[in-house]
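I wanted to go through this chain on screen and write down what holds its parts together. The entries follow the order in which I looked things up.

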Amino acid sequence: MQNHTAPQPNINDEREIRLQKLHDFVESGINPYPAKTPEKIAIAEALIAAEGTQVSIAGRIMTKRDMGKLTFCHVQDASGKMQIALKKDALHDIPYNRFVDRIDSKDVFKIK
């Protein structure tokens with residue numbers, strides 16, 4: 001019986017992959033580190049906001065599930081966690097596939 005073990009991840013490979021994704025964002029015209037962003041609220045506040053209220057949150061992506069034209073993410077900040085859905089038809093200025101392929105668990109981003 002053979003012992004099949006998964007190859008150990010190389011931290012240097014992970015770093016290079018993330019740097020390439022960062023470069024791809026910049027090449028696509030997306031500033032990953034804007035000097036100023038619109039105001040945001042805590043996730044806990046967004047969860048109790050009236051239905052239909054447009055809010056802006058920021059947090060760390062904890063999980064990501066891609067379903068083709070729809071991607072679900074759990075985003076967390078110090079106040080709580082919420083699930084968001086990124087729809088292909090709703091990302092007007094950003095090519096959907098390029099965006100969802102480049103975001104990873106543990107990335108921090110802002111959503112309006």
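**Entry 1: the core.** I began with the largest nonpolar core, which has 17 residues; V75, I84, L86 and F99 touch the most other members. I took a nonpolar core as a set of buried Ala, Val, Leu, Ile, Met, Phe, Trp, Tyr and Cys residues joined through side-chain atoms within 4.5 Å. Buried stands for under 20% relative accessible area, exposed for over 50%, and partly exposed for what is in between (1.4 Å probe, protein chains only). I then listed the elements that each supply at least two residues of this core: helix 2 (43-48), strand 1, strand 2 (70-77), strand 3 (80-87), helix 3 and strand 4.

**Entry 2: source.** The model is predicted: local features need pLDDT of at least 70, side-chain atom pairs count only at pLDDT 80 or more, and totals for chains, interfaces and linings use all residues. Residues are numbered from 1 along each chain as its sequence is written, and side-chain values use heavy atoms, with hydrogens and water left out.

**Entry 3: the chain as a whole.** I noted three helices and four strands, in the order α-α-β-β-β-α-β from the N terminus. Helices (H or I, at least four residues) and strands (E, at least two) are DSSP runs, numbered from the N terminus. Buried residues make up 25% of the 112 residues. Of the contacts with a separation of 6 or more, 51% are between residues 24 or more positions apart; contact means heavy atoms within 4.5 Å.

Entry 4: I traced an open sheet of four strands in the order 3-2-1-4, with antiparallel pairing. Strand 3 and strand 4 are the edge strands, each pairing on one side only. From one strand to the next the twist averages 45°, with axes fitted as lines to C-alpha atoms (for helices over the stretch in contact) and angles run from 0 to 180 degrees between N-to-C directions. Two strands pair if DSSP finds at least two bridges between them.

I went through the pairings in turn.
- Strand 2 and strand 3 are joined by eight bridges, and T71 has L86 in strand 3 as its bridge partner. These two strands form a hairpin with two residues between them.
- Strand 1 and strand 2 pair over six bridges. I61 has V75 in strand 2 as its bridge partner, and T63 stands opposite H74 in strand 2. Their hairpin has three residues between the strands, and G68 takes a positive phi near 95° there.
- Strand 1 (residues 57-66) and strand 4 are joined by four bridges, with I111 in strand 4 as the bridge partner of I57.

Strand 4 (residues 108-111) has F109 and I111 on a covered face, and V108 and K110 on an uncovered one.

**Entry 5: aromatic rings.** Which residues form the aromatic cluster? I found F25, F99 and F109 in one cluster. The structure holds two aromatic pairs. Rings of Phe, Tyr and Trp (its six-membered ring) pair if their centres lie within 6.5 Å; planes under 30 degrees apart count as stacked, over 60 as edge-to-face and the rest as tilted.

The F25 and F99 rings have centres 5.8 Å apart and planes at 65°, so this pair is edge-to-face. F25 is in helix 1 (residues 11-27) and F99 in helix 3 (residues 96-102), so the pair ties together parts 74 residues apart in sequence. Both F25 and F99 are buried.

The F99 and F109 rings have centres 6.4 Å apart and planes at 45°, so this pair is tilted. It links distant parts of the chain, with F99 in helix 3 and F109 in strand 4, 10 residues apart. Both F99 and F109 are buried. Leaving aside neighbours within four places in sequence, I listed F25, L86, L91, I94 and F109 as contacts of F99.

**Entry 6: D107 and R102.** I located D107 in the loop between helix 3 and strand 4. Which residue's side chain does the side chain of D107 join in a polar contact of 2.7 Å? The partner is R18. A polar contact is a pair of N or O atoms within 3.5 Å; within protein, one must be able to donate a hydrogen and the other to accept it, and residues adjacent in sequence count only if both atoms are side-chain atoms. D107 and R18 are 89 residues apart in sequence and 9.9 Å apart in space, C-alpha to C-alpha. Not counting residues up to four places away in sequence, D107 touches R18, G59, R60, I61 and R102.

R102 is in helix 3. With a relative accessible area of 15%, R102 is buried. Its side chain makes a polar contact of 3.0 Å with the side chain of D24. Leaving aside neighbours within four places in sequence, R102 is in contact with K21, D24, F25, N97 and D107.
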